[in-house]
Amino acid sequence: MADADIDTRPNVLFVLTDQERYDCSAPDGPPVETPTLDRLSSEGMRFSRAFTPISICTSARASLMTGQFPHGHGMLNNSHEADAIRPNLPAGTETFSEALAESGYECSYTGKWHVGRDQTPEDFGFSYLGGSDTHHDDIDDVFREYREERGVPLGEVDLEEELYTGSDPRDTSEGTFVAATTPVDVEETRAYFLAERTIDAIEAHAAGGRSDGETDSEGNDAPFFHRADFYGPHHPYVVPEPYASMYDPDAIEPPASYAETFEGKPQVHENYLHYRGADGLDWEHWAEATAKYWGFVTLIDDQLERILEALAEYGLADETAVVHASDHGDFVGGHRQFNKGPLMYDDTYRIPLQVRWPDVVEPGSVCDAPVHLHDLAATFLEMGDVAVPDSFDSRSLVPLLESGGDPEAATGDRPDSVFAQYHGDEFGLYTQRMVRTRRFKYVYNGPDIDELYDLEGDPAELQNLIDHPEYDEVRREMRERLIEWMAETDDPNQGWVPDVLRNAS
């Protein structure tokens, strides 16, 4: 800190969306209206090559909290499921939020948690302001009471245009709920409610109080860290008007990856299509679902605009770093798939990431360096002038933020690839590892054929080149990169997988 009495560290507003695709706010992406995210990019830095370490909620969120790859913290699948390998973070696990709270930050939290069956944000240094405290299917009393006060109790509205997976996408008695239109007003959605609670926290801080409603006896000069976790655009894509009809399904073209045939791919890809019931959805259904998904993205974008306006209204915009990311992406029909699973495509592993930090980040800058979602754990600590624990696998993004996104100008050694993994969800355990450079992606599938994609010629990842003779050298190089990542992160599979990969090369 620059002065013993005045804390000059920045406030941090961290907005995490749930299952938001990278391309929705990318300049060359589909025509989704995201003016607020575009504003964050124009006023700050956009990361074009940000990736989640794992495409499943609990594991990704636990990595974000702990700065570790999933095999480090051990929460390998979703904590709410009966087959959770580890339902809670182990006692004593270091997290960025506890470190910030111990350093004097006032940490508050709204919305989705999903990092533990029995733990809540309050166990990790946050004051929790409502929305839900386990995962997206759970509604807490605060939001329930909010809806009752507005005269629209939860569960008492009739949805329209409902869409399900299964043999008959209009049959509400089978399959998984995909999308629908809700008749409630925007003000009655959980997205609006979470924005309201975030604005309340901003207002309380500006007034010198605390976000949980208590009063500091010695005033409140401490910076705040507020985390707003939205539930969308995770399925079911249920949105009100005007968002429900904002995008015309008839005008939406299938993505290039919709031409997926599964030829030369691991058998689990086609198995997963059937398991999810997505084989009953044709493009007409997917276009309808995509329209609702895009509407959900725009709904959340509009709520973020309200939050940013509150920061400006209360005079906090210039001293607050605003960070937006997503825990992972969503297929939404890409590769003809629903949700996410044992398929390491960019649809679910590439994520949006924007950072606006006045007087530090050059407005309109773009960083093409490969980064991980859980790099934010170390980033938040460096922003707060707090030492990064040795247990963290993450690398702070602050040098990139300060250098205009130039990895050569930034201090510290940064890798030129990203590493990711997958361990299974309710579909069953399934070990995968991935290494991705700008041009190539290699996926190790323990029980099946590996994958190799040339992203320059095949950005849709349709052609598996793992056995192509012209890519022998690339295959060997990518496998060596994977081995290096496994060694650097102390991956438990490094005991035998490297020999398998080298012998297979």
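This is a predicted model: local features need pLDDT of at least 70, side-chain atom pairs count only at pLDDT 80 or more; totals for chains, interfaces and linings use all residues.
I started with Arg395 and Glu488, whose side chains meet in a salt bridge at 2.6 Å, N to O. For a salt bridge I need a side-chain nitrogen of Lys or Arg within 4 Å of a carboxyl oxygen of Asp or Glu. Arg395 sits in the loop between H10 and helix H11 (398–402) and Glu488 in helix H12 (residues 472–488), so this pair ties together parts that are 93 residues apart in sequence. Helices (H or I, at least four residues) and strands (E, at least two) are DSSP runs, numbered from the N terminus. Arg395 counts as partly exposed because its relative accessibility is 22%. My cut-offs there: buried is under 20% relative accessible area, exposed is over 50%, partly exposed is in between, with a 1.4 Å probe and protein chains only.

Residues are numbered from 1 along each chain as its sequence is written, and side-chain values use heavy atoms, leaving out hydrogens and water.

I looked up Asp327 next: Asp327 pairs with Arg61, with the closest N and O atoms 3.1 Å apart. Asp327 is in the loop between strand E10 (320–326) and helix H9 (346–349), Arg61 is in helix H2, and the two are 266 residues apart. Both Asp327 and Arg61 are buried. I also checked Glu260 with Lys265, where the closest N and O atoms are 2.8 Å apart. Glu260 and Lys265 are buried too.

**Helix H2**

How many of the residues of H2 (residues 57–66) are buried? Ten of ten, so I wrote H2 down as mostly covered. Gly67 follows H2 and has a positive phi, near 70°.

**Strand E4**

E4 (residues 106–111) is mostly covered as well, with six of its six residues buried. I found E4 paired with strand E8 (residues 224–233) in the parallel sense over six bridges; two strands pair if DSSP finds at least two bridges between them. Glu106 stands opposite Phe224 in E8. E4 also runs parallel to strand E5 (residues 127–128), joined by two bridges, and Tyr109 has Tyr128 of E5 as its bridge partner.

**The four-stranded sheet and Asn445**

I then traced an open, antiparallel sheet of four strands in the order E15-E16-E17-E18. Strand E15 (418–425) and strand E18 (451–454) are the edges, each pairing on one side only. Four bridges join E17 to E18, and Lys441 has Tyr453 in E18 as its bridge partner.

Asn445 is in strand E17 (residues 440–445). Buried or exposed, at 1% relative accessibility? I noted Asn445 as buried. Its side chain makes a polar contact of 2.8 Å with that of Gln432 and one of 2.9 Å with that of Glu451. A polar contact is a pair of N or O atoms within 3.5 Å; within protein, one must be able to donate a hydrogen and the other to accept it, and residues adjacent in sequence count only if both atoms are side-chain atoms.
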